[in-house]
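Visitor: I would like to walk through this model with you and ask what stands behind each label. Could you show it to me?

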Amino acid sequence: MATAAATLVATGLPAAACEDDKPVTEAKHTLGDPGAIKGVEPVGNVPDAQGAISANFLRYGKRDVMVVSGQFGLKVYDLTDNPAKPRAIGELSLPGLWETEDTEVDAKRKLVFLSRDPRAFKGNTHTGESGIYVVDVSHPEKPEILSYVKVPAGHTTSCVDDCRYLWTGGPAKADNQPADWGGRPIWVTDVRNPRAPKVHPDPIELARNDGKTDYVHDVQVDKMGVAWVSGAGGVRGYWTSGMHRDPVQHRYRMATALKPVPYAGGGVSETAAPSKFLHNSFHPVGPRDDGAWRGHDLVYATEESFLPGCAGDGVLTISSLEGSYQGEGWRSTPEKPFRMRSVGTWTVAGQEGSDPVSDDCSAHYFDLRGDVLVQSFYAQGTRFLDVSDPSNPTQIAYFRPADAASWAPYWHDGYAYVADNKRGIDILKLG
């Protein structure tokens, strides 16, 4: 907390969430470009949240609250009276904070976990400090830092095992980390006592990229409790609690956050994601949709990749988990690589509504509800896709303001709330 208080200076970081220190070229817009919109109605905007990176939602009885993290720290809004007109009610000021992607909350204990990237407060990946702020929002008007703990990783931090533990990964490796690492893996933090987090000294999720320890970007937990780890080398899922068969050790054992049990997953076909850098993922399970499609269990993921022009930038990928349940993704090597079978892909480049003069087309965060997937594509805005046939994702609507910097969309009570790094929060209603 003392560190945060002493470094209240903006960073001037690039306008896209590049995963290393290489800046991303700003989108080039035609003078007076009005942008593009189809099939969706913009019903609200929160410019006060300019610099937004992520959002999440909490319920306090009948009260509906949105928390927004970004380069300003944390801002809290009440949605109860009018979800299209969020009302600012609280703020934790940490100017210069980076990066807080996919900020997660503990709905039971009313906690927010903010990940401090080593590039925060004018730091860098080589020597900068990284860690986790645990923020109490039991009184949403007065968010309060309960604790801050240094962690050797800090690009994203995610709840596992019902938010009793956090998995924190990324970004590129520090100078004091092993030379053969391609990026930072996962460190586990025990937050059962949120006032005194305990970081385990030994990282996990090593050797994920065909046997090489590499950059873990983010973790998403599905409704079964499987934690899906995305990053360089693909997507791998783990049990973090309960008794399960370990397909790598060939025995049943108890899964924990410190010693998770492999479930399924692996690398994604290079024809689908040439960079092999999977930014985030989603495994659909539930009473209506068990994740199966024509007999195949699917995992959705985004590739974040920035290349000259748009054609080669990152895409949405949809892969089959078939053939990955026996630890194949954990035995993959450069000589004998394992790749999940690609079912479908979608890229914004050349699509209706895209800005032809922008070279900023990488995929970023997405959210899936039923058969409609909403996804951010930075300067190419927010796209709505029909994925009822995952082999043929089809755009059904889009929202691309001329000044778009769409980073992360969230379905919430019938609206899509979009964290836009330039515009704040855009609130959209699908037509």
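Visitor: Which residues line the second largest cavity?

Guide: The lining consists of R208, N209, D210, G233, R236, G266, G267, G329, S332, F338 and R339. Before we go on, please note that this is a predicted model, where local features need pLDDT of at least 70, side-chain atom pairs count only at pLDDT 80 or more, and totals for chains, interfaces and linings use all residues. Residues are numbered from 1 along each chain as its sequence is written, and side-chain values use heavy atoms, with hydrogens and water left out.

Visitor: What makes a space a cavity, and what makes it a pocket?

Guide: Both are found on a 1 Å grid over the protein atoms alone: in a cavity a 1.4 Å probe fits but cannot get out, while a pocket is an open set with protein on both sides within 12 Å along at least five of seven lines. A lining residue has an atom within 4 Å of a point.

Visitor: How does the lining of the second largest cavity divide by class?

Guide: One residue is nonpolar, six are polar and four are charged. Ala, Val, Leu, Ile, Met, Phe, Trp, Tyr, Cys and Pro count as nonpolar, Asp, Glu, Lys and Arg as charged, and the others, Gly among them, as polar.

Visitor: And what surrounds the largest pocket?

Guide: That pocket has about 1500 Å³ of space. Its lining has 47 residues, of which V221, D222, F282, D367 and R369 lie nearest the centre. Strand β30 gives the largest share, five residues. By class, the lining has 22 nonpolar, 13 polar and twelve charged residues.

Visitor: Why is S319 called buried?

Guide: Buried means under 20% relative accessible area, exposed over 50%, and partly exposed in between, with a 1.4 Å probe and protein chains only. S319 has 1% relative accessibility, so it counts as buried. This serine sits in strand β24 (residues 316-320), a strand being a DSSP run of E with at least two residues, numbered from the N terminus. Beyond its neighbours within four places in sequence, S319 is in contact (heavy atoms within 4.5 Å) with V268, D297, L298, V299, M340, R341, S342 and V343.

Visitor: Is G431 buried or exposed, and how do you know?

Guide: Its relative accessible area is 92%, so G431 is exposed. This glycine lies in the segment after β32 (424-430). Leaving aside neighbours within four places in sequence, G431 is in contact with G39 and V40. G431 and V40 are 391 residues apart in sequence, yet their C-alpha atoms are 4.9 Å apart in space.

Visitor: What makes strand β8 largely enclosed by the rest of the structure?

Guide: Six of the six residues of β8 (residues 111-116) are buried, so the strand is largely enclosed. Both faces are covered, with L111, F113 and S115 on one side and V112, L114 and R116 on the other.

Visitor: How do you know which strands pair with β8?

Guide: Two strands pair if DSSP finds at least two bridges between them. Three bridges join β7 to β8, and six join β8 to β9 (residues 131-136); β8 runs antiparallel to β7 and to β9. D106 has L111 as its bridge partner, while S115 stands opposite I132.

Technical notes. Helix = DSSP H or I, 4+ residues; strand = E, 2+ residues; numbered from the N terminus. Points joined across faces, edges and corners; volume = space filled by probe spheres on them.
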